[in-house]
Amino acid sequence: MIKLAPSILSADFSKLGNEIKELEKNNIELIHIDVMDGMFVPNISFGTPIMKSIKTLTKIPFDVHLMIEDPSRYIEDFAKAGADIITVHYEADKHIDRTINYIKSFGIKASVALNPGTSVNLIKDIISDLDMVLIMSVNPGFGGQKYISYCSKKIEEVKDLADKFNPNLMIQVDGGITKDNIKEVVSKGANVIVAGSAVFKNNHIESNIKQLRGALV
Ligand code: DX5
Ligand code: ZN
């Protein structure tokens with residue numbers, strides 16, 4: 001089954017509660033929460049206070065994408081604020097194995113993200129310990145960017161590793177997904193699809209979700 005994970009980075013924050021309810025109405029599988037520190041990426045987004053307040057509105061699991069330096073400093077805070085999956089960037093952490101185990105110690109799922117320019121080979125040894133791998137298909141920091149085409153090959157590489165070492169792995173793709181390329185990324189092996197602008201654009205959440213799901217059949 002393919003999971004859709006709307007990124008609330010592209011939501012209208014002045015009515016965030018309503019937008020979450022709209023996702024709930026459309027039976028969305030995961031809510032993707034993009035946390036940016038202005039250091040690892042050139043942008044600042046939001047942190048645990050926003051997460052805690054929307055957690056009261058929904059039962060949809062929270063998929064937290066930490067685009068922050070040295071993320072182990074904040075794992076406990078995000079776990080306590082309601083994260084169900086935490087993704088850390090391979091590039092942001094000197095001790096990735098320790099951090100994966102630390103995330104799991106809170107009873108939640110652990111995931112590692114790779115920037116477009118980071119090779120899939122680097123996670124070969126840890127892939128069997130992961131619940132999810134996130135393939136960035138734009139350079140992280142901003143919503144609304146264009147899909148980088150060579151990332152399709154990287155999805156296939158992760159899928160090959162998963163088939164060998166971790167058949168239940170969730171393979172997430174994040175950045176530049178639209179109704180025109182969603183089918184292609186799924187055909188390469190992605191099974192969790194992040195979409196920000198494609199879900200929230202023009203204030204038509206319901207029809208945008210229908211279009212994305214419709215493009216998969
Ligand atoms: C980029 C974020 C993405 C982004 C997705 O740094 O990790 O989750 O918001 O937005 P779209 O789908 O608009 O590329
Ligand atoms: Zn993201």
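Trainee: What makes the arrangement around the zinc ion (ligand 2) octahedral?

Mentor: In this predicted model, six donor atoms surround the zinc ion (ligand 2), and the angles they subtend run from 69 to 170 degrees. Six donors count as octahedral if opposite donors are over 155 degrees apart and all others lie between 65 and 115. The arrangement is therefore called octahedral.

Trainee: Which protein atoms are donors of the zinc ion (ligand 2), and how do you know that they qualify?

Mentor: The protein donors are H32 (NE2), D34 (OD), H65 (ND1) and D174 (OD), at 2.1 to 2.3 Å from the ion. The cut-off for a donor is within 2.8 Å of the metal, so these atoms qualify. Along the chain, the donors follow the spacing H-x1-D-x30-H-x108-D. Among them, D34 in strand β2 (residues 31-36) and H65 in strand β3 (residues 62-67) are 31 residues apart, and the pair links distant parts of the chain.

Trainee: Why are D34 and H65 called buried?

Mentor: Buried means under 20% relative accessible area. D34 has 5% and H65 has 0%, so both count as buried.

Trainee: Why are β1 and β2 said to stand at the edges of the sheet?

Mentor: The open sheet has eight strands in the order β1-β8-β7-β6-β5-β4-β3-β2, with parallel pairing. Each of β1 (3-6) and β2 has a single partner strand, so one side of each is left without a neighbour in the sheet. From one strand to the next, the twist averages 25 degrees.

Trainee: How do you know that β6 and β7 pair?

Mentor: Two strands pair if DSSP finds at least two bridges between them. Five bridges join strand β6 (residues 132-136) to strand β7 (residues 170-174), and the two run parallel.

Trainee: Where do helices α2 and α5 lie?

Mentor: Helix α2 (residues 48-55) lies across β2 and β3, at about 175 degrees to β3. Helix α5 (residues 151-165) lies across β5 (109-114), β6 and β7, at about 165 degrees to β6.

Trainee: Which residues of the largest nonpolar core touch the most other members?

Mentor: They are I8, L23, I33, V64, L66 and I86, in a core of 66 residues. Helix α5 supplies the largest share of this core, five residues. Apart from this core lies another, of seven residues, among them A5, L30, M132 and M170.

Technical notes:
Residues numbered from 1 in each chain as written. Chains lettered and ligands numbered in written order. Predicted model: local features only at pLDDT ≥ 70, side-chain atom pairs only at ≥ 80, totals over all residues. Heavy atoms only, no water. Donors = N, O, S within 2.8 Å, 3.2 Å for Na, K, Ca; no water. Tetrahedral: all angles 85-135°; square planar, octahedral: opposite > 155°, others 65-115°. Helix = DSSP H or I, 4+ residues; strand = E, 2+ residues; numbered from the N terminus. Buried < 20%, exposed > 50% of the residue type's maximum accessible area, 1.4 Å probe, protein only. Axes fitted to C-alpha atoms, helices over the stretch in contact; angles between N-to-C directions. Contact = heavy atoms within 4.5 Å. Core = buried A, V, L, I, M, F, W, Y, C linked by side-chain atoms within 4.5 Å.
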